[in-house]
Amino acid sequence: MIRLTKCAVSVLLATGFGLGATSAFSADTLQDVMKARGLSQQDLMAAAKTYVPTGKRDDFMVFSSGGQSGQVIVYGIPSMRILKYIGVFTPEPWQGYGFDEQSKKVLAGGRIDGKDITWGDTHHPALSETNGESDGQFLFINDKANPRIAVIDLQDFETKQIVVNPIYKSEHGGTFVTPNTEYIFEAAQYPAPLENKKFYPLEEFNEKYRGGMTYWKFDRKKGLVDTAASFSIELPPYSQDLSDAGKGPSDGWSFTNSFCAERYVGGIEKGRPPYEAGCSAKDTDYLHVINWRKAAELVKAGKAKKINGHDVLSMETAIKEGILFLVPEPKSPHGADVTPDGKMIIVAGKLDTHVSVFSFEKIQAAIKAGKFEGKDPYGIPVIAMKDALHTQVSLGLGPLHTQYDSKPCVAYTSLYVDSQVAKWNYCEGKVLDKISVHYNIGHLMTMEGDTTKPKGHYLVALNKLAIDRFNPVGPLHPQNHQLIDISGDKMELLYDMPIPLGEPHYAVAIDAKKLKPAVRYKVGTNSRTDQPDPGAVKAGQEKIVRKGNKVEVFGTLIRSHITPETIEVNVGDEVTINLTNLERAEDETHGFAVSTYNVHASVEPGKTVTVKFKADKEGVYPYYCTEFCSALHLEMEGYLLVKPKGWKPGKTTALAAGHYTEVEYKATVKKVADTQAIIDSVVAYITSVNYKDFPEVVAMVDDAFDQLGKTKGLKEKHEGFAAKKDWENANLWAEQIWQYQVKTADLGLRAKTFLEQHGAKKIK
Ligand code: K7E
Ligand code: CUA
């Protein structure tokens with residue numbers, strides 16, 4: 001221990017006062033490097049366009065679905081550097097998600113029929129919008145397999161709520177938001193009876209199986225979905241698919257396409273032709289056109305009926321009230337994407353080479369004139385395709401999804417079968433450019449491309465297959481996100497990024513400047529509710545409360561100790577440990593784990609978390625901090641002692657002693673004096689500049705003085721023991737002063753570096 005601490009002093013000295021080694025690139029010229037690595041001029045250009053030098057940041061932030069991982073992947077553009085995985089439907093150990101009580105509550109919101117569902121098939125993330133533009137406040141994402149959506153607060157990039165759809169068994173066409181995030185849409189996918197746990201044979205598919213469209217009301221003030229104010233519309237069993245919200249002139253309407261309008265039921269095992277044959281037999285499926293604003297009014301007026309406690313407008317009511325229409329669309333369509341001006345809806349048919357551009361104005365004219373070509377089997381009025389079409393454009397094989405450019409009328413459509421992206425003009429109906437991608441693209445995404453003001457610059461192709469693009473890692477390959485420069489007339493491929501976490505169907509990107517996440521919580525915050533946590537305590541108020549067989553710990557974390565350092569319980573006790581991170585300095589996260597009890601917490605500055613478990617096995621279980629938070633991180637430890645039934649202390653034995661000598665004590669005292677000199681000089685520097693103009697530094701300085709403040713009274717203590725020649729206690733208490741000093745100095749030096757790098761000015 002002593003040797004280690006001495007070396008730590010020299011580290012401090014070196015970082016504080018030593019000169020940084022001057023670094024230079026090796027003598028190679030750029031040409032040498034190009035030759036050695038086989039790089040072309042074009043490669044170099046792509047590298048220059050994507051490389052983000054150390055310390056610099058990306059221009060756009062991407063929120064990608066994590067596919068079957070049930071998480072969200074956050075990465076930057078143009079660097080494609082992954083910044084975070086957000087635990088959403090799946091426990092995420094690093095963040096303690098699903099291992100601490102606060103986050104378990106969030107995951108419990110996603111229970112179905114009383115059972116935990118600990119994975120999700122995430123497809124479509126959506127960013128909250130204000131006036132049709134991304135506002136950087138919230139992110140939503142759906143789970144196709146288990147019909148759920150989640151709300152993520154971009155204040156801290158944490159999941160706050162999971163909402164289960166009460167009437168579906170699967171859902172796909174979500175999440176999509178209205179221009180002011182009044183509602184979040186979610187369309188069913190595979191038809192099933194809407195009543196829970198109701199069985200009907202497949203022979204009653206047409207009568208008893210249903211699709212639907214759900215409109216979740218979002219309460220922006222609370223940052224939560226208001227389930228009581230949400231509703232659904234019953235739809236025919238047509239396998240509703242992707243959807244989009246109207247905007248501008250089409251605001252108040254939603255558009256949802258479908259496949260298998262044939263309502264075909266397969267059964268290959270019984271000799272019936274399979275679903276894929278029967279579901280694509282006819283030339284057209286249906287685009288559902290719904291007036292959601294009027295639907296919401298009808299629900300308020302009491303016209304909905306309750307199914308599983310949820311408001312549902314029946315098809316009958318929707319038809320009678322004139323809020324539901326169908327438009328035939330080329331068969332097996334996939335994406336339905338409203339143009340930024342809200343005037344057109346672009347639908348791509350997977351089995352058709354065309355994309356169809358529908359005109360909202362024409363659809364409205366047909367509705368006003370009552371001009372329908374007929375009704376579907378459920379009585380829904382059908383507008384003729386020709387009466388709704390603006391144009392159709394042949395783009396290539398397997399068109400799926402469409403995204404928009406900042407340039408007017410310019411769109412990009414993914415071509416799954418061709419493995420290409422087509423750039424085209426939807427006003428004039430002509431193809432402008434094509435680029436090959438690798439391989440079999442699903443969605444594609446432009447910067448803020450879902451909004452009324454797309455930002456251009458870049459496009460990401462979300463490719464399903466990577467095949468030969470990366471170093472092989474076994475039969476399961478990563479996905480391939482490819483960054484494409486769309487700023488010029490011709491698209492240029494810039495970068496291949498493997499995604500190793502699942503199949504991200506869709507992603508959304510936002511101007512990084514619009515995101516303003518917090519760097520710390522107010523001390524004592526439950527991050528999942530953003531409310532003060534009842535388990536929080538201030539420094540010095542830590543306690544262990546026992547009530548019967550319930551033991552509750554109210555502890556704190558600060559470099560480099562967990563208070564308390566010993567927790568004694570009896571076997572069978574129910575143990576609750578609340579921990580508050582008292583740090584204010586940026587990035588000073590502590591973790592907390594108890595050996596073999598399957599609990600873990602990530603305790604970011606200011607956060608309070610709770611772990612709970614039954615101490616059902618006697619023994620000795622170390623607990624420790626799981627983040628390398630300071631030089632004495634490894635010593636951030638303690639013991640959970642689970643005593644057997646009827647255990648009594650035996651012959652008292654002394655705790656381990658160091659047998660310190662006067663010489664060692666004097667060396668420690670000198671070390672303390674030397675370190676104080678460093679602290680004084682750092683403080684002199686910090687107070688000589690305008691450090692108060694830097695909130696990050698003010699937080700560090702506050703923390704530093706907190707640490708130093710803890711040395712109060714300790715000098716008297718060690719001198720007292722020294723006077724009694726108790727070198728053991730004298731040395732240990734002097735050593736403790738030094739521990740606080742180290743943390744003070746560490747913070748001080750970080751503050752000093754920050755000030756130097758951010759151009760702090762002398763004030764005297
Ligand atoms: Cu095309 Cu679920 Cu949007 Cu996959 S979806 S690609
Ligand atoms: Cu706190 Cu390591």
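Strand β36 and strand β37 (residues 561-563) pair in the antiparallel sense over three bridges, where pairing takes at least two DSSP bridges between two strands. Strands here are DSSP runs of E with at least two residues, helices are runs of H or I with at least four, and both are numbered from the N terminus. Isoleucine 558 sits opposite histidine 561 of β37, and the two strands make a hairpin with two residues between them. All of this comes from a predicted model, in which local features need pLDDT of at least 70, side-chain atom pairs count only at pLDDT 80 or more, and totals for chains, interfaces and linings use all residues. Residues are numbered from 1 along each chain as its sequence is written, chains are lettered from A and ligands numbered from 1 in the order in which they are written, and side-chain values use heavy atoms, with hydrogens and water left out.

Strand β35 (residues 543-547) pairs with β36 in the antiparallel sense over five bridges, with valine 545 bridged to glutamate 552. β35 and β36 also form a hairpin with two residues between them, and glycine 548 in that turn has a positive phi of about 60°. With strand β39 (residues 574-581), β36 pairs in the parallel sense, over eight bridges; here lysine 550 has glutamate 574 as its bridge partner. Seven of the nine residues of β36 (residues 550-558) are buried, so the strand is largely enclosed by the rest of the structure. Buried means under 20% relative accessible area, worked out with a 1.4 Å probe on protein chains only. Across the protein chain, 56% of the 764 residues count as buried.

Zooming out, the protein chain has 14 helices and 44 strands. Its C-alpha atoms fill a box of roughly 105 × 70 × 50 Å along the principal axes.

Another bit of strand structure is an open sheet of four strands, ordered β28-β29-β30-β31 and paired antiparallel. β28 (441-447) and β31 (492-499) are at the edges with a single partner strand each, so one side of each has no neighbour in the sheet. On average, neighbouring strands of this sheet are turned by 20° against each other, direction ignored. Five bridges link β28 to the antiparallel strand β29 (residues 456-463), and isoleucine 441 stands opposite asparagine 463 of β29.

On the helix side, α11 (residues 662-688) packs against α14 (residues 727-757) at an angle of about 20°, with the axes 9 Å apart. That makes α11 roughly parallel to α14, a label for angles under 35 degrees, with roughly antiparallel kept for those over 145. Axes are lines fitted to C-alpha atoms, for helices over the stretch in contact, and angles run from 0 to 180 degrees between N-to-C directions. The residues of the α11 and α14 contact divide into 15 nonpolar, seven polar and six charged. Helix α12 (residues 695-709) packs with α14 at about 165°, with axes 8 Å apart, and the two are therefore roughly antiparallel.

Finally, there is ligand 1. The residues around it, with a heavy atom within 4 Å, are His123, His124, His172, Leu242, His334, His401, Gly442, His443, Lys464 and His505. This shell divides into one nonpolar, eight polar and one charged residue. Ala, Val, Leu, Ile, Met, Phe, Trp, Tyr, Cys and Pro count as nonpolar, Asp, Glu, Lys and Arg as charged, and the others, Gly among them, as polar.

Methods:
Angles under 35 degrees count as roughly parallel, over 145 as roughly antiparallel, 65 to 115 as roughly perpendicular and the rest as oblique. Buried means under 20% relative accessible area, exposed over 50%, partly exposed in between (1.4 Å probe, protein chains only).
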